[in-house]
Amino acid sequence: MDFALNSDQQAVLEAVGTLLSRHAGPARLQQLGGDEPDYDHDLEKRLLEAGFLDLATTRSTCRLDAALVLEAVSGALGSCAAGWRLLVAPTLDTDLPGPVALVPDGRRGPVRFAADADAIVVIGSPVRLVRPDRSIARVRSRLGWPVGEVRELPAGGDLDGVDPAEVRTWARTALAVEMVGAMQLALDMTVRHVSDRRQFDRAIGSFQAVQHGLAECSVAVEGARWLALEAAFTGSAAAAAASLTHAVDASRLVFGRVHQYHGAMGFTREYDLHLATMRLLALRSEAEALGSPAAACAAEHWTI
Amino acid sequence: MEFDWAEEDVSYRSELQAFLQDELPGRWEGATAVLGSAENAEYSRRFAGLLADEGWLTPHWPAEWGGTGATPWMLAVLGEELWSRGEPRGPQYMNVNWIGPSIMAHGTAEQCERYLPPIAAGDVIWCQGFSEPEAGTDLASLRTRAVPDGDHYVVNGSKIWTSYGDIADHCYLLVRTDPGAERHHGISVLLMDMDSPGLEVRPIPGMVGEHSFTELFLSDVRVPAANRLGPENEGWAVVREALSFERVGAPRWARAAYVLDETLQWARELGRVIEESTVEAVGRAKAACEAARMLCYRVIDERARDLPPSPHANVARVAMVQAERLTADACAALQGNEIMRYGSSSDLQTRKSLAAGVAAGTYEVQLNLVARRHLGLPKS
Ligand SMILES: Cc1cc2nc3c(=O)[nH]c(=O)nc-3n(C[C@H](O)[C@H](O)[C@H](O)COP(=O)(O)OP(=O)(O)OC[C@H]3O[C@@H](n4cnc5c(N)ncnc54)[C@H](O)[C@@H]3O)c2cc1C
């Protein structure tokens with residue numbers, strides 16, 4: 001057990017941080033369309049070229065470093081499928097051409113990245129990797145992600161030997177890490193806001209109601225974060241389910257509170273808060289689409 | 001104690017429902033349009049006119065101004081039926097609930113003559129110019145300055161988050177007339193025309209649907225002194241009185257219950273499998289709407305008895321916010337990834353539930369009031 005970053009990890013995070021500070025972040029997302037952004041091919045290409053998306057390449061590589069990078073990309077509101085690439089792709093044992101989306105078999109309707117994906121991972125038995133033959137329509141969505149409308153998907157693309165349960169596990173971990181990144185950004189913005197904003201001749205962050213509210217959020221996000229990193233390290237299904245369960249619960253708390261404490265400021269699209277918070281709604285719906293994480297968490301520990 | 005409706009309320013409700021059935025057939029699309037959107041406001045000009053023809057726009061007003069002597073319970077029935085259809089009165093619910101009554105209570109004969117008939121006819125839109133960049137929860141710290149100049153005030157400053165500022169005809173504006181006075185004094189109410197020279201209205205892109213938020217910039221705007229409502233420097237008392245009963249004037253729980261209904265209907269029509277945990281979320285949201293309903297009714301009962309405003313109004317407000325939030329959760333559970341579709345009921349309800357805790361007095365402020373006035377806890 002060692003909760004401190006080693007020197008390799010420090011170096012990776014520093015380097016990816018530099019890249020993200022130039023090519024990602026709220027201003028970049030606003031440039032891409034804000035809450036209705038385009039897919040950030042440029043960012044994806046830069047991350048790929050710098051090797052950040054291939055930190056884990058095979059099923060057996062430890063994916064902790066990949067998770068740390070994903071957390072950073074999510075905290076910088078990257079508008080690309082970094083989660084699937086960093087944490088899920090290694091399980092597929094195949095080369096991914098470009099942007100990728102992921103859907104549980106049979107799932108229809110809005111799916112993140114579907115309109116931009118060169119390939120779609122379909123979690124079923126068997127797991128499939130399909131190239132959409134018709135172009136997938138974009139969905140008008142305002143949750144801060146590029147979204148496409150999945151209808152019928154072509155047959156074939158079976159990935160023999162890939163365990164759907166393992167794909168699900170890594171998808172859960174990826175979602176948990178992404179939620180943590182977005183929640184931490186929203187919390188940081190809120191801590192800053194309530195420290196600066198004054199009403200009744202004092203910072204609103206000095207009201208105990210606000211302090212307790214944010215303190216609870218912080219504890220929830222910390223719990224989700226360490227669980228998600230543990231899940232990335234171990235690759236265990238139980239840890240993945242626990243981390244996503246905790247992240248989903250934390251997101252409910254964080255979503256409501258950070259908006260609440262921003263007052264009306266959080267309601268304008270000219271301010272960046274909604275870019276971090278609305279994303280959580282999409283992540284949560286994809287988390288539930290994989291099957292209730294809380295039910296999975298219980299099932300991993302007991303036969304009920 | 002008993003929880004039956006009086007006969008007159010029952011027959012009023014069914015008359016009203018029949019009218020609304022005709023006027024807003026089936027699923028009126030506006031119900032999902034966002035309260036506060038320009039679309040909703042424009043529709044209100046037509047709809048409120050029709051209501052006025054029926055005598056239902058301002059039924060609680062005195063006969064002199066077009067009222068029909070409706071009881072607070074009838075007014076509650078009206079609000080409930082309209083909010084559960086998405087509030088087709090749009091911004092005009094403010095006119096009839098508190099702007100008109102405030103003008104009646106404090107206005108001069110000329111002011112009543114000028115402002116009340118258009119409100120009663122359902123053909124005027126008002127906005128509320130309270131919040132400023134530095135004055136939100138702490139409204140009494142507002143700084144927009146009005147300086148007397150002959151028979152006018154010259155007004156300078158800015159207002160923010162003004163809903164409907166881009167489409168309103170008039171603004172119920174709070175200004176500071178005596179910067180030297182203790183903060184709750186020195187404030188006055190001005191009834192400002194929105195086409196006044198020197199007034200610039202800038203739209204603010206919002207994230208609650210198409211809700212039209214604006215910022216008002218006032219540079220040397222001349223407002224006739226004759227447009228001041230109530231005594232100079234005592235506007236705080238005027239506005240407090242105006243809003244004292246307003247806390248339950250917007251029965252948000254009724255709209256939330258409607259959204260719940262519609263979303264469940266949507267899931268059924270698509271043949272969606274509704275899991276047990278989702279059924280429970282829906283039940284929990286429904287129960288919260290019902291609790292908010294009873295807590296609002298308690299406030300209406302007090303009004304019907306002519307009791308002074310009580311902290312029960314704050315209790316009801318908190319319960320309504322909770323109902324909105326649980327309804328958002330239930331809709332999200334029902335709709336799954338549909339929440340990613342802009343304009344889906346789960347997407348919209350989530351946004352609206354955020355607004356519920358902030359607009360018209362924040363959740364924390366309401367909780368503070370419940371703690372102090374309802375529980376009698378000491379001030380910090
Ligand atoms: C949809 C919408 C429509 C609106 N329409 C209008 C309009 O038409 N006209 C108008 O004038 N205004 C309007 N507003 C503004 C609204 O009145 C303000 O947002 C509200 O008064 C809160 O002020 P604020 O946003 O500045 O938040 P702040 O005052 O900055 O508060 C931020 C946070 O601090 C908390 N806080 C503050 N004081 C305390 C305390 N003592 N104890 C504990 N917590 C505290 C608040 O509860 C909140 O969570 C609208 C707002 C919204 C969201």
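Predicted model: local features only at pLDDT ≥ 70, side-chain atom pairs only at ≥ 80, totals over all residues.
Chain B is divided into three parts: domain 1 covers residues 7-124, domain 2 covers residues 127-233 and domain 3 covers residues 245-374. The centres of domain 1 and domain 3 of chain B, taken over C-alpha atoms, are separated by 22 Å. The contact between these two domains takes 17 residues from domain 1 of chain B and 14 residues from domain 3 of chain B. On the side of domain 1 of chain B that touches domain 3 of chain B, the elements giving two or more residues are α3 (72-83) and α4 (92-106) of chain B. The largest share of that side comes from α3(B), with six residues. By class, the side of domain 1 of chain B that touches domain 3 of chain B consists of eight nonpolar, six polar and three charged residues.

The next topic is the contact between the chains. Here 28 residues of chain B are in contact with 29 residues of chain A. Two helices of chain B, α10 (345-356) and α11 (363-374), each supply at least two residues of the side of chain B that touches chain A. Of the elements on this side, α10(B) gives the most, with three residues. The residues of the side of chain B that touches chain A comprise 13 nonpolar, 10 polar and five charged.

The ligand lies between chains A and B. Which residues come nearest to the ligand? Of the 31 residues around the ligand, they are Gly263(A), Phe130(B), Gly136(B), Thr137(B) and Glu364(B). At least two residues of the shell around the ligand are supplied by each of α7 and α8 of chain A and by each of β1 (126-129), β3 (152-163) and α11 of chain B. In terms of domains, the shell draws at least three residues from each of domain 2 and domain 3 of chain B. Its residues fall into 16 nonpolar, 13 polar and two charged.

Two packed helices are described by the angle between their axes and the distance between the axes. For α7(A) (residues 208-234) and α8(A) (residues 237-262), the axes come within 8 Å and cross at roughly 155°. Because of this angle, α7(A) is roughly antiparallel to α8(A). The crossing of α7(A) and α8(A) is left-handed. The residues of the contact of α7(A) with α8(A) are 17 nonpolar, five polar and four charged.

Helix α7(A) also packs against α6(A) (residues 164-196), where the axes come within 9 Å and cross at roughly 155°. The two helices α6(A) and α7(A) are therefore roughly antiparallel to each other, and α6(A) passes α7(A) in a left-handed crossing. Among the residues that make this contact are Thr173(A), Val177(A), Met183(A) and Leu187(A) of α6(A), together with Leu214(A), Cys217(A), Val221(A) and Arg225(A) of α7(A). By class, the contact of α6(A) with α7(A) has 16 nonpolar, four polar and one charged residues.

Conventions
Residues numbered from 1 in each chain as written. Chains lettered and ligands numbered in written order. Axes fitted to C-alpha atoms, helices over the stretch in contact; angles between N-to-C directions. Helix = DSSP H or I, 4+ residues; strand = E, 2+ residues; numbered from the N terminus. Parallel < 35°, antiparallel > 145°, perpendicular 65-115°, else oblique. Left-handed = near helix turned anticlockwise from the far one by under 90°. Nonpolar A, V, L, I, M, F, W, Y, C, P; charged D, E, K, R; others polar. Contact = placed C-beta atoms within 7 Å. Near = placed C-beta within 6 Å. Domains from an automatic or database assignment.
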